[in-house]
Amino acid sequence: MPYLGSEDMVRELRRALSNPNVQSDHLRYRNTILKVVRAMSQGVDVSGLFSEMVKACATVDVVQKKLVYVFLCSYASLNPELSLLVINTLRKDCQDPNPMVRSLALRNMTNLRLPSLVEYVEQPLTAGLRDRAACVRRVAVLGWAKLHKLQASSDIDAAVVNELYSLLRDPDPVVMVNCLRALEEILKEEGGVAINKPIAHHLLNRLKECDVWGQCEVLKILERYRPQSEDELFDILSLLDPSLLSPHPPVMAATLSLFLSLCSGLPAASLSALERVRGPLLAACGSASREMRFTALCHIQLLLRSLPGLMGAHYKRFFCGYAEPAYIKQRKMQLLVELVNDENVALVLDELKGYCTDVNTDTAQAAISAIGRIGRSYSDRCLEILTGLLGLKQEHITSAVVQTVRDLVWVCPQCSEAVCLALEGCEETVQDSQGRQALLWLLGVYGERVSSAPYVLEVFIDGLRSEVSPGVKMELLTATMRLFLCRPAETQDMLGRLLHYCIEEETDMCVRDQALFYYRLLHCGIEETRKVLQGRRSDPSLGVLIGRPAEPVNQWARSFNTLEPLKQSAAETESTSGGSPEPVTSVPRPNTDLSLSSLSPSPVDKVHTVPLSLSLSPALSPEEFERLWLQRQGLHEHVHCPAPPRCSPQSLQAALQLVNVQTLAFTPPQTLPWRVYLYTHTRNTHPVMEGAVDEPGVKVTLKQQPRDDTALKGFLSILATVLHTLSSERA
Amino acid sequence: MISQIFILSSKGDHLIYKDFRGEAGSDAVTVFYEKVTALPGDQPPVVMSHGDLHFVHVRQGGLYCVATTAADSSPFTVIEFLNRLMALIKDYCGSLSEKSVRMNFALIYELLDEVVDYGYIQTTSSDVLKNFIQTEAVSSKPFSLFDLSNVGLFGAETQQSKVAPSSAATRPILSSRGEQGGKSEIFVDVIERLCVVIGSNGVVMKADVEGEIRVKCYMPSCSEMRIGLNEEFSIGKSQLRGYGAAVRVDECSFHQAVRLDEFDSHRILRVCPSQGEQTVMQYQLSDDLPSAPPFRLFPTVERDVGGRLLLYLKLRCDLPPKRSVLLQDATTTHTPLCQELSSPDQSAELQPHSRAVVWQIPRFPGGTQLSALFKLEVPGLSSASMLEVGPVGLSFELPKVTATGLQIRFLRLSPVQPGASQRWVRYVTHSDSYTIRI
């Protein structure tokens, strides 16, 4: 057949459809209709053939009927008037002795989605509810839901709703489930279908008759039911128990979801339910369908938040397969990190080491950062692997290793010795900006121990004109300043050149501002500079937070068996491949910004406050804090922060510690309002100040002894600056 | 609740599009494909979202099968359903490919119409569906003389017809509608997937088996079937039966239609198979294979005087003799290659984009040993780059072998079918992931 443009094609088809010879030949007619539907599904606009197709609808051939209906349902909304012609045929079909024809007509009548046809549809639908054949009743029940959506304004007859409720006792399980679905939609405003005790027990008893899909639906609706007594609750639980072990992952997941919602007040029962599903979940992890594997992995991660030991013995199940897609491999590595313990650490690291040379660079980088995270607990073994990888001189591997090492050193300062040794020679291999930023940060902070540091920086400074990334330039400024403090003789000349270039020739405002700031800082004298730049090199307290305690199940139960856990993973992998977790992005910069408030007037300082220095000593124990907190009167203050910082508690804690504010406790993330308790002392007058920050809208409750308004203001402005910095960084 | 379902070819052609609820526009298809192509690599995440639209997709046979849905719907259900839908399409059209979907689009629309109504899954049982589906499948395979090769001279039993033709299991289940002469056949396949990691010192670090018994039934009406497994089959660690080497699995689950009255005493499964394919039993075994893993590799990696990387691989197949396998393996390394293989029917090539040498071995008899020598030019070869070589991944298919030792003792249909019915039992072990460290 020669190629025809869409207009020619439509004309050709119309001619064929209206040709009486074709119409009389049953097979040729059907084939022509097939061509029309094929054109439609390929995206050709064949709506012009609507009236011809309406005629084709009146036939005894069921296959032809079905084809025509596919066409009509797609184009009915464009031709509401012509569609009226179909309704007669459809209504006639609803009287057909063959139940299949009846259900077909009824389904398509409601699929036309035309509000003008509603009056013609109601009567056949009412009749359909009482049809002898189950397949017609199934269609009719859902038909009412469709009708409700078409004219949501007018209420559906209460008699229909009653009839639907009574059809819950229909002998056909699909009709029963469809009734639930339809009622759920029709009664949406009233909170969905009402589940009272008799209905709940009826549904539970008939669960076995339903197929997989029906069971999932029923289990989901039952989540709304609250048993009236403890005995009833346990009866339901033991009835559902076998479903937890169902070989069908959807049923298993829906059952667990129901278990968690029923047992929300019984943590022990929910935990034992999690133990029960371990087998089926692991089986799903080995499913032939890789999408199913991925889903199971994501949900296992949820479970581990409450039961970290759940999969401990089965860590080998999370070793990556040779041909698995990258998204599964990355997920498995995240799981392996959480499953590491003294016995398996050697095997897990050996396995992860194998992935570091993966052809897929994302997988390789994820493996390297996974080793880094294990390094927080087993630093020696991990550093050995990481430094070994540097020997490969591969660009992406070296870059990932440097970034990982930077993050590791921030948490475990005891590693710095080995890291300094390994850094030599990396600068030639690291090419991307993230990697170079990490390298510069390390050279700045540990410059006195890396003998070649000034020469490396000099190479960077010489190549400054061709440097495009402002991030690298800013990091270079900070690193050179820091190195200048410890090795002034070697660095003075290049620092001068760097500052000159950045102030005179640089076009990026941020870089220029930072250079200007450092320039002025140097004017304030070396002690002042030291105070600003040589703040903290590490934050061991972060290490403690990483071995996080088990969360209560209720934290995540709501997102179990939804798309949420699967999507989260995408965001997480992005952030790991993006490269820069806490230290560099959030810490050195708040460091410089915040210390401004303790400097005398500087151009960037907008918050004019009396210089206020805070200190952490004497340290308060949690018990002491609690005692003081309960003792004192609170003052409520609001800190204006455009968007409350959506950062991890760890980075908030790190940032606050830089300004000598100690966080003592905070509520788990994602709870609203999110709360954090902090304390600090002011140095000159020795008052104790405590604050509890409430989010959102950042409300601060302050308790101070003795009362000192200026100190209070100073504290609030510092707090505001920290929050500002963090939220602007997130944005 | 599913709002739309569409099937796209790998090039983004719209093959099937059905909107169940009229909530999202038909531009969703374009949005989805743009999202897929915008991502690097060809492995888009399973769930993607665009505003209120959430796409969940599975990829099979080079096709994207996508459902759009609300954020709170169960991913387990949607993915299981999409997989089931693809299996149904395969059952009805014979095979799953772009071509077969194009040719059978009318059938697939009909199928979708019966399977999902208003976004709610109605039924996916082929027993129920066969009453509703009227369109006949168009088989995408052209008539071929080879199909006749199984017919013996004057209808005599030939040697060939004792072996199930490999094409038999890829025909549409309903193609014999109307013509009574259609073969009534039943296939029972024991399929196992091996997942093995062998360390560089030859120690098996991990060995998992995922197995299933799959029944594919072409009988128009089949009554009860009894499948007898090994008598000494045991589940879990504690339970041991018989005296000989027990066939053991860790966990085992059955299709809900399987009746297990005789399972405890005689290890017999009773099923009434419905037409089409279904998985009757699934089982797993980890870390405790009854026999040694089928392949052993003895690798040597060296640097020769000319600065080339020498990779000498000796591969041994530890299966009993007279079993042959199809095999291909790959190692990660670098550029140009010169090779010496032990036999002319093997081939090897270097795939630059994945930096792998692929060595293909069409037949590998049990108890034998093959070797290959690869010389690779590696720019800037250092002693450290030796670390980058490997691991070796093997993909293979072992016919007539099960790694767990599970066997089917007998297969009985009761009552005995009138006319000729054929029963086939097939065993196959695939490599899910068979990795050997160097």
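**A buried lysine, its partner and the chain interface**

Lys216(B) is buried, at 5% relative accessibility. Here buried means under 20% relative accessible area, exposed means over 50%, and partly exposed lies in between (1.4 Å probe, protein chains only). The model is a predicted one: local features need pLDDT of at least 70, side-chain atom pairs count only at pLDDT 80 or more, and totals for chains, interfaces and linings use all residues. Residues are numbered from 1 along each chain as its sequence is written, chains are lettered from A and ligands numbered from 1 in the order in which they are written, and side-chain values use heavy atoms, with hydrogens and water left out.

What does the side chain of Lys216(B) meet in a salt bridge? The partner is Asp91(B), at 3.8 Å from N to O. A salt bridge here is a side-chain nitrogen of Lys or Arg within 4 Å of a carboxyl oxygen of Asp or Glu. The pair links distant parts of the chain, 125 residues apart. Asp91(B) sits in helix α2 (residues 75–93) of chain B, and Lys216(B) in strand β9 (residues 204–217) of chain B. Helices (H or I, at least four residues) and strands (E, at least two) are DSSP runs, numbered from the N terminus. Asp91(B) is also buried, with a relative accessible area of 3%.

Other salt bridges share partners. They join Lys66(A), Arg107(A), Lys18(B), Glu110(B), Asp113(B) and Glu114(B) into one network. Over all chains, the rule counts 58 salt bridges.

Arg138(A) pairs with Asp172(A) in a salt bridge, the closest N and O atoms being 3.1 Å apart. Arg138(A) belongs to helix α9 (residues 134–150) of chain A and Asp172(A) to the loop between α10 (158–166) and α11 (173–186) of chain A, so the pair ties together parts that are 34 residues apart in sequence. Arg138(A) is buried at 16% relative accessible area, and Asp172(A) is buried at 14%. Arg449(A) and Glu417(A) form a salt bridge through their side chains (3.1 Å, N to O). Glu417(A) is in helix α24 (residues 416–423) of chain A and Arg449(A) in the loop between α25 (433–445) and α26 (453–462) of chain A, so this pair ties together parts that are 32 residues apart in sequence. Arg449(A) is partly exposed, at 33% relative accessibility.

Now turn to the interface.

The rule finds 11 salt bridges between chain A and chain B. One salt bridge joins the side chains of Arg437(B) and Glu351(A), at 3.1 Å from N to O.

Back in chain B, consider β14. Ile268(B) and Arg270(B) point one way from β14(B), Leu269(B) and Val271(B) point the other way, and all are buried. Strand β10 (residues 224–229) of chain B runs antiparallel to β14(B), joined by four bridges. Two strands pair if DSSP finds at least two bridges between them. Met225(B) has Val271(B) of β14(B) as its bridge partner. Arg267(B) is in the loop between α6 (263–266) and β14 (268–271) of chain B. Phi of Arg267(B) is near 60 degrees, a positive value in a residue other than glycine. Arg267(B) is buried, at 1% relative accessible area.

Lys400(B) likewise has phi near 60 degrees, a positive value. Is Lys400(B) buried or exposed? Lys400(B) is exposed, at 63% relative accessible area. Lys400(B) lies in the loop between β23 (392–399) and β24 (408–414) of chain B.
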